[in-house]
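Morning, everyone. Please bring up the chain on your screens, and we will walk through it together.

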Amino acid sequence: MARTSKVGRNDPCPCGSGKKYKNCCEGKRGKLTPLQWGGLGLLAVVAGILVYVMLNAATGSAGGLRGARRCPAGQVWSSQHGHCH
């Protein structure tokens with residue numbers, strides 16, 4: 001059923017609860033449900049993992065972001081000095 005006019009605060013709520021709109025669904029407009037918040041949290045975790053993976057690929061880390069780096073053949077990473085030897 002398509003709504004053709006705006007619901008007034010004192011009109012019956014279109015959800016069918018029998019309450020006035022101001023006492024039922026008016027305050028829910030624009031608010032997220034717990035399920036929607038959970039989806040946003042999951043999205044944030046996935047985005048964080050993606051950023052971590054992209055940073056590892058960009059820096060060429062061999063052991064993650066813990067300091068170890070790839071060195072040219074015949075050299076090793078010195079965490080004490082912060083470069084390859």
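I will go from the overall layout to the cysteines, then to the chain end and a surface patch.

First, the ground rules. This is a predicted model, where local features need pLDDT of at least 70, side-chain atom pairs count only at pLDDT 80 or more, and totals for chains, interfaces and linings use all residues. Residues are numbered from 1 along each chain as its sequence is written, and side-chain values use heavy atoms, with hydrogens and water left out.

Now the layout. From the N terminus, the order is α-β-β. Helices (H or I, at least four residues) and strands (E, at least two) are DSSP runs, numbered from the N terminus.

How much of the chain is buried? Of its 85 residues, 12% are buried. Buried means under 20% relative accessible area, exposed means over 50%, and partly exposed lies in between, with a 1.4 Å probe and protein chains only. Accessible areas come from the Shrake-Rupley method with a 1.4 Å probe; for residues, only the protein chains shown count as cover.

Next, contacts. Take those in the chain with a separation of 6 or more: residues 24 or more positions apart account for 0% of them. A contact means heavy atoms within 4.5 Å.

On to the cysteines. How many disulfides does the structure hold? There is one. A disulfide here is a pair of cysteine sulfur atoms within 2.5 Å. Cys 71 and Cys 84 form it, with their sulfur atoms 2.0 Å apart. The link is left-handed, at -85 degrees about the S-S bond. It joins distant parts of the chain, 13 residues apart: Cys 71 sits in the loop between helix H1 (34-59) and strand S1 (77-78), and Cys 84 in strand S2 (residues 83-84). Cys 71 has 22% relative accessibility, so it counts as partly exposed. Cys 84 has 23%, so it also counts as partly exposed.

What about Cys 24? Cys 24 is in no disulfide; its nearest cysteine sulfur, in Cys 15, is 3.6 Å away. Cys 24 counts as buried because its relative accessibility is 15%. For Cys 25, the closest cysteine sulfur is in Cys 13, at 3.5 Å, which is too far for a bond.

Now the end of the chain. Where is His 85? His 85 lies in the segment after S2. Its relative accessible area is 44%, so His 85 is partly exposed. Leaving aside neighbours within four places in sequence, His 85 contacts Gly 74, Gln 75, Val 76 and Ser 78. Gly 74 is eleven residues from His 85 along the chain, and their C-alpha atoms are 8.5 Å apart.

One of those partners deserves a stop. Ser 78 is in strand S1. Ser 78 is buried, because its relative accessible area is 12%. Not counting residues up to four places away in sequence, Ser 78 touches His 83 and His 85.

Finally, the surface. Which residues form the nonpolar patch? Leu 32, Trp 37, Leu 40 and Leu 43 do, with about 430 Å² of accessible area together. Leu 43 belongs to helix H1. Leu 43 is exposed, because its relative accessible area is 55%. Patches are made of residues with over 30% relative accessible area and no salt bridge; like charges are joined within 9 Å, and nonpolar side chains (Val, Leu, Ile, Met, Phe, Trp, Tyr) within 5 Å. A salt bridge is a side-chain nitrogen of Lys or Arg within 4 Å of a carboxyl oxygen of Asp or Glu.
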